[in-house]
Amino acid sequence: MLYTLTLAGHNIMRWVVLVLAIYALYRVFAGLFGKKEWGDADRKALSFYAIGMDVQLLLGLLLYFVFGGWFGMMSQNMSMVMRDSNMRFFAVEHFSVMLVAVILAHVATVMAKRGSTDRAKFRNGAIFLTLSVLAVLVA
């Protein structure tokens, strides 16, 4: 039962993260190309995306280590997992790329905050947010 609830939450959060990503991308690129001032709404858009990614990561870690059995299966028979492309995707590739995406989401918020000008904040946010969203779409 907990596995099913966690998996459902993970699946629902995927769409929440996608909506947050679209909104954050809109904010940073509209600010960058519209030569706008960096505001609280822009900071919050990046932060909410990063928070959504954190929740998604937490649910994914629960599925990976607690409920899904991937970690146990890998530690018992790694060669079997690596031979099956579907198992390898969820056990290794999805986990690794999504972890990078979460890190890039946080880097986007930090680098935007460190920008010395409004343009630099939007540019830094746009670069790392775009990389994070691309990683999400790949994985």
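**A walk through the helices**

Modeller: Gladly; let's start in a loop, the one between α1 and α2, where K35 is found. Helices here are DSSP runs of H or I with at least four residues, strands are E runs of at least two, and both are numbered from the N terminus. The model is predicted, so local features need pLDDT of at least 70 and side-chain atom pairs count only at pLDDT 80 or more, while totals for chains, interfaces and linings use all residues. Residues are numbered from 1 along each chain as its sequence is written, and side-chain values use heavy atoms, with hydrogens and water left out.

Biologist: Is K35 buried or exposed?

Modeller: Buried means under 20% relative accessible area, exposed over 50%, and partly exposed in between, using a 1.4 Å probe and protein chains only. K35 has 73% relative accessibility, so K35 counts as exposed.

Biologist: What phi does K35 have?

Modeller: Most residues other than glycine have a negative phi. K35 is not a glycine, yet its phi is positive, at about 50°.

Biologist: How far apart are the end C-alpha atoms of helix α2?

Modeller: The expected span is 1.5 Å times one less than the number of residues. Helix α2 (residues 40-67) has 28 residues, so it should span 40 Å; the model agrees, with the end C-alpha atoms 38 Å apart.

Biologist: Which helices do the buried residues of α2 pack against?

Modeller: The buried residues of α2 include L46, Y49, M53 and L63. Contact means heavy atoms within 4.5 Å. The partners of these buried α2 residues are α1 (2-33), α3, α5 (85-114) and α6 (118-138).

Biologist: Which residues touch the most other members of the largest nonpolar core?

Modeller: A nonpolar core is a set of buried Ala, Val, Leu, Ile, Met, Phe, Trp, Tyr and Cys residues joined through side-chain atoms within 4.5 Å. The largest one has 25 residues, and the members that touch the most others are A24, V28, L46, Y49, M53 and L129. At least two residues of this core come from each of α1, α2, α5 and α6.

Biologist: Which residues does W70 touch, not counting residues up to four places away in sequence?

Modeller: W70 lies in helix α3 (residues 70-76). Its C-alpha atom is separated by 46 Å from that of E37, 33 residues apart along the chain. With those sequence neighbours left out, W70 touches L63, Y64, M87, F90 and A91.
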